[in-house]
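Colleague: I have this model open and would like to learn how to read its side chains. Could you walk me through it?

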Amino acid sequence: MTSKHIPIAVIMDGVGGTNWGWRRKDVRLDASVSIENYIEEAKIAEAAKMDFIFIADTMHITSGSSPHFLNRFEPISLLSAIASHTSNIGLIATLSTSYTEPFTAARQLASLDMISHGRAGWNIVTSALEGAARNHSRDGLDPLEDRYARAAEHVAVCQGLWDSWEDDAFVRDRENGVFFREDRLHALMHKGKYFRADGPLNIARSPQGHPVLFQAGASSDGRNLAAAISDCVFGGGRTKEEAAEYSRDVWNRAEALGRSRSDIRFFHRIEPIVGETLEEAERKYEEASALVSYEEALKWLSFFFSYQDFTKFDPDAKFPLEELGETGRNNYRSTTDRIKWLSEDGTLTLREVARKFAIPRSDFIGSADMVADACERWVEEGVCDGFMLGCTVSRFTDFTRLVIPMLQERGRFRTDYDGSTLRDNLGFAKKPNRYTVDREARDMAT
């Protein structure tokens, strides 16, 4: 990927991440559990030369959860199936550090990486729903700082396990009866605050060394983790100003830890609505908005506050900041803080906040040239490096059909993949094996 090229990816959300998106006539009603649908969408993304597909996940639902959350595939299983039908596009799986053991997580992700010949990535989450804790034999969420400390150790153990085998370990010399070199196999022998893992891992390294690491935490603890370990950071606010503040802060924290600007790619989630003309895009926006009732907007708002019951509040009174208090601070803190920020001046009602949050407007609603201009502008102004499309398949197809060719004409998007691995295509070098690096350093010293 040259510095000119804007990386673009797609979040596959089946029938859509909201409570109302499935009602649109262009949405396949079984999309969240149709492997054929996912494979078709992945092929469209790969034909457009997009960087990766991204599978989000949660581990708790209620009857008020969005339809996609109620009934969908587990990410590793889904992406392993997609891997056999694609060749170049990256495959990003969400996996929680709060409810997995590093050995199992490392093995699953390494398997996906080998199955796909070096195209796997890991979206590292700590999980922010109380119900997820109760689904995993816990009484409730651990404090935020403990969840992120656990995550840091979890990732470090996985990275150590991914280096269990050096790249030249498996010689497979049938004539001399040598399957592998014992001096290229390493046990980790980790014993920390949260985990113990002796190792070694029972799978070799993939062509890219380690899966690419993604992180989207926007609290201070989340930003610290992103700055320390991430190859790619995902997130960043509803406005350009919020997104710019987030990315600058994470990059500053990374530089304070000795990392360079080129070590991290920052992706901003967008929900593009693209038309042949501005009028067509506006019509699509209005049609989508008409599907959203107050009750559905309130359910979407409630999710981020760990299913707080907002129906007990007067919809036309001011947003209940005082009544909420610290609710949401131990869940999706960055999102709940942003929702509260929308109403801080006291002029917006609960109904207005719910609708503004559920049906946001952005720079990425318009004709193809307007949306392409916005993509270039955000990158040139240093807000982010690239974009992740959070939209149903028809809007995603509109983007690949109308916007990507325009960016290609301007020299801002690739016309072919740069290499065979996800690291190749994101412009990262292969992750070196720590034991190989140490041995080569010793050899040079002697």
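Modeller: We'll go through ring pairs, charges over rings, cysteines and one methionine.

Modeller: This is a predicted model, where local features need pLDDT of at least 70, side-chain atom pairs count only at pLDDT 80 or more, and totals for chains, interfaces and linings use all residues. Residues are numbered from 1 along each chain as its sequence is written, and side-chain values use heavy atoms, with hydrogens and water left out.

Colleague: How many aromatic pairs are there?

Modeller: Rings of Phe, Tyr and Trp (its six-membered ring) pair if their centres lie within 6.5 Å; planes under 30 degrees apart are stacked, over 60 edge-to-face, and the rest tilted. That rule gives 17 aromatic pairs here. Take Phe54 and Phe214: their ring centres are 6.4 Å apart and their planes sit at 70 degrees, so this pair is edge-to-face.

Colleague: Which strands hold Phe54 and Phe214?

Modeller: Strands are DSSP runs of E, at least two residues, and helices are runs of H or I, at least four, both numbered from the N terminus. Phe54 is in strand β2 (residues 52-55) and Phe214 in strand β7 (residues 212-215), so the pair ties together parts 160 residues apart in sequence. Ring pairs also link Phe52, Phe54, Phe214, Phe234 and Phe267 into a cluster.

Colleague: Are Phe54 and Phe214 buried or exposed?

Modeller: Buried means under 20% relative accessible area, exposed over 50%, and partly exposed in between (1.4 Å probe, protein chains only). Phe54 and Phe214 are both buried.

Colleague: Which residue lies over the face of Phe69?

Modeller: A charge sits over a ring if NZ of Lys or CZ of Arg is within 6 Å of the ring centre and within 35 degrees of the ring normal. Over the face of Phe69 you'll find Arg72, 4.5 Å from the ring centre.

Colleague: How many disulfides does the structure hold?

Modeller: A disulfide needs a pair of cysteine sulfur atoms within 2.5 Å, and the structure has zero. For Cys158, the closest cysteine sulfur is in Cys232, 17 Å away and too far for a bond. The sulfur of Cys232, in turn, has its closest cysteine sulfur in Cys384, at 12 Å, again too far. Cys158 is buried, at 0% relative accessible area, and Cys232 is buried at 0% too.

Colleague: Where is Met406, and what is it in contact with?

Modeller: Met406 belongs to helix α15 (residues 393-409) and is partly exposed, with a relative accessible area of 22%. Contact means heavy atoms within 4.5 Å; leaving aside neighbours within four places in sequence, Met406 touches Ala368, Asp369 and Ala372.
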